[in-house]
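Trainee: Could you take me through the salt bridges here? I would like a close look at the partners and where they sit.

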Amino acid sequence: MANNKELFLEICRREIKRDGIEELLEWLEKSDFFTAPASTKYHGSYEGGLCAHSLNVANCLGELLENHPEVEASRESAAICSLFHDICKVNFYKIGFRNVKDDGGQWVKKPVYEIDEKFPCGDHADKSIIILQSYIKLLPEEILAIRAHMGGFDTSVKGGSYFIGKIFEKSKLALLLHLADMQATYLLDDQEVDYAAKEL
């Protein structure tokens, strides 16, 4: 987990030269970003899962961009979109307890992650954009990519909106970020990955 934190910060400082990045990283270091889970129970639901998921998405997006050279995206944009797409989950979870039966059939309290929303300012992706924009200026394509990263899982789709598809038509970076997020979520996030030796 410590290695993932160091790598995350190193990639940010190497790839992102945007005004405000140091202030954003300082805020992250004071938050629970590096110890938080990525979800309550679905993927990366362990200490440090949010940082690990972000690195997994960065790795997957890098591979997708290599395989699709027709998609024009700077390394800086790729780093911002992949590493910060889920920044909305900072200070978002707390540890609670639920009663479960142990192997002997006795009821015991088991620690679980629960949602503890402190800044309810919109949809999952909207909140990430709002937080990021308070530190760094996002390019239009970065906004589109982060906004659409949930794809068909976005709450707007469930409500009948078609704008996610329109974003994918306009921004191939948005489509690749969504694919990278799905790949990380369903194929990588439940594995213990130490990226210290990897080149992202």
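Mentor: Start with aspartate 126 and arginine 147. Their side chains form a salt bridge, with the closest N and O atoms 2.8 Å apart. Aspartate 126 belongs to helix α5 (residues 124–133) and arginine 147 to helix α6 (residues 140–147), so this pair ties together parts 21 residues apart in sequence. Aspartate 126 is partly exposed, at 26% relative accessibility. Arginine 147 is buried because its relative accessible area is 12%, and the cut-off for buried is under 20%. Keep in mind that this is a predicted model.

One of its links is the contact of glutamate 15 with arginine 14, at 2.9 Å from N to O. Glutamate 15 is buried, with a relative accessible area of 13%. Arginine 14 is partly exposed, with 30%.

Now lysine 5 and glutamate 29. This salt bridge has its closest N and O atoms 3.5 Å apart. Lysine 5 lies in helix α1 (residues 2–15) and glutamate 29 in helix α2 (residues 21–30), so the pair links parts that are 24 residues apart in sequence. Lysine 5 is partly exposed, with a relative accessible area of 29%. Glutamate 29 is also partly exposed, at 37%.

Methods:
Residues are numbered from 1 along each chain as its sequence is written. This is a predicted model: local features need pLDDT of at least 70, side-chain atom pairs count only at pLDDT 80 or more; totals for chains, interfaces and linings use all residues. Side-chain values use heavy atoms; hydrogens and water are left out. A salt bridge is a side-chain nitrogen of Lys or Arg within 4 Å of a carboxyl oxygen of Asp or Glu. Helices (H or I, at least four residues) and strands (E, at least two) are DSSP runs, numbered from the N terminus. Buried means under 20% relative accessible area, exposed over 50%, partly exposed in between (1.4 Å probe, protein chains only).
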